[in-house]
Amino acid sequence: MRDSFQRNIEYVRISITDLCNLRCRYCMPEAGVKKLRHGDVLTYEEILRVVRALAQLGIRKVRLTGGEPLLRPGIVDFVRRIKGVQGIEHVAMTTNGVLLSSMAGQLKEAGLDSVNVSVDTLREDAFVFLTRRALLPSVQEGLEALFSAGFADVKLNCVPIAGVNEEDIVQLADLARQYDVKVRFIELMPIGCAFEAGLHGIPMDEVRKRLSEEYGTLLPVERNSSLQGPAEYACISGFRGQVGFIDAMGHKFCHTCNRVRLTAEGFLKLCLYSGTGLDVRVLLRSGAEDGDLAKALARAIRRKPEAHSFLEESGGDVRDARYMYQVGG
Ligand code: SAM
Ligand code: SF4
């Protein structure tokens, strides 16, 4: 469906849990995490109802995220059921990869179309510093399992942070030379912990500069689908895969934004920045009929803000107080 700025909304990102087995400094506090109560998290049945209603409105792609989505019991069967919803063409997942080694094959068999693995460094000490957990070997095993399972569309996401993982930019990009993967760099957003810890992201122009100094010209790749998202991709001579850049802080892609988000407790978020949206859980649990649910979702989507206000001193919209692990990225 079209929102009030004529953008075609066709993609929903669903956080299925607020729990995580890592504690990335820019995303989740080490201590004092307020976990949702079990009964506050949408059940799989409830999420499926929302996905069916959204599919009727024109949503074609679903991404499962978290917290760490692979921690939620029953995830493989849930992927199969989402994949079976009429109108849903693509089911994707964003994961930290820690649990992938034992699950990649089953996820592929259940119909998962693509996987994004977040990996900010390949150095043990930097990984432990960034995630506060010594689990890099599990992530590396997870990546191997992903390739063995035959996933054709694998992306690695890295958030470059000044003074933390700068030297990993070239090393991570090098994976796209060795494998047919897209290695994407994402600008740090000043949300939750990243904001509180005073971490500074490295601007994408700087990341591009470092890569071209190392590898030569970055040849831009043309967009091939509206479902591709905000990343700009580039080819490098001799590389099997590609590198990508998500310049999150500029307003470059708000005018083409095609997505909404559903939090684990059932809040439909219309923009990553803004707190505006719809409490879908209340609707679901107060006996709304399918038709009423679809109408309420459509009304909410029409209110999607025109652009985020991360860069403004006081944007016209209200900044959401949720942390990234509560939203799903
Ligand atoms: N646990 C999964 C993972 O790490 O891939 C899924 C959830 S995580 C919140 C989704 C994505 O959000 C990750 O790629 C992570 O790097 C990114 N992220 C978290 N906080 C961020 C921030 N402040 N700025 C930019 N990206 C962030
Ligand atoms: Fe967990 Fe993902 Fe957040 Fe890291 S980025 S703490 S893995 S939810």
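How many aromatic pairs does the structure hold? This predicted model holds five aromatic pairs.

**View 1. Phe-147 and Tyr-179 form a stacked aromatic pair.** The ring centres lie 5.0 Å apart. The planes make an angle of 10°. Phe-147 is partly exposed, at 30% relative accessible area. Tyr-179 is partly exposed too, at 36%.

**View 2. Tyr-215 and Phe-239 form an edge-to-face aromatic pair.** Here the centres are 4.9 Å apart. The angle between the planes is 80°. Tyr-215 is part of helix α9 (residues 204–215). Phe-239 lies in the loop between β8 (232–235) and β9 (242–246). The pair therefore ties together parts that are 24 residues apart in sequence. Is Phe-239 buried or exposed? Phe-239 is buried, because its relative accessible area is 12% and the cut-off for buried is under 20%.

**View 3. Arg-72 lies over the face of Tyr-44.** The distance from the ring centre of Tyr-44 is 4.1 Å.

**View 4. Arg-208 places its charged end over the ring of Phe-245.** That charged end is 4.4 Å from the centre of the Phe-245 ring.

Definitions and conventions. Residues are numbered from 1 along each chain as its sequence is written. Chains are lettered from A and ligands numbered from 1 in the order in which they are written. This is a predicted model: local features need pLDDT of at least 70, side-chain atom pairs count only at pLDDT 80 or more; totals for chains, interfaces and linings use all residues. Side-chain values use heavy atoms; hydrogens and water are left out. Rings of Phe, Tyr and Trp (its six-membered ring) pair if their centres lie within 6.5 Å; planes under 30 degrees apart count as stacked, over 60 as edge-to-face and the rest as tilted. Buried means under 20% relative accessible area, exposed over 50%, partly exposed in between (1.4 Å probe, protein chains only). Helices (H or I, at least four residues) and strands (E, at least two) are DSSP runs, numbered from the N terminus. A charge sits over a ring if NZ of Lys or CZ of Arg is within 6 Å of the ring centre and within 35 degrees of the ring normal.
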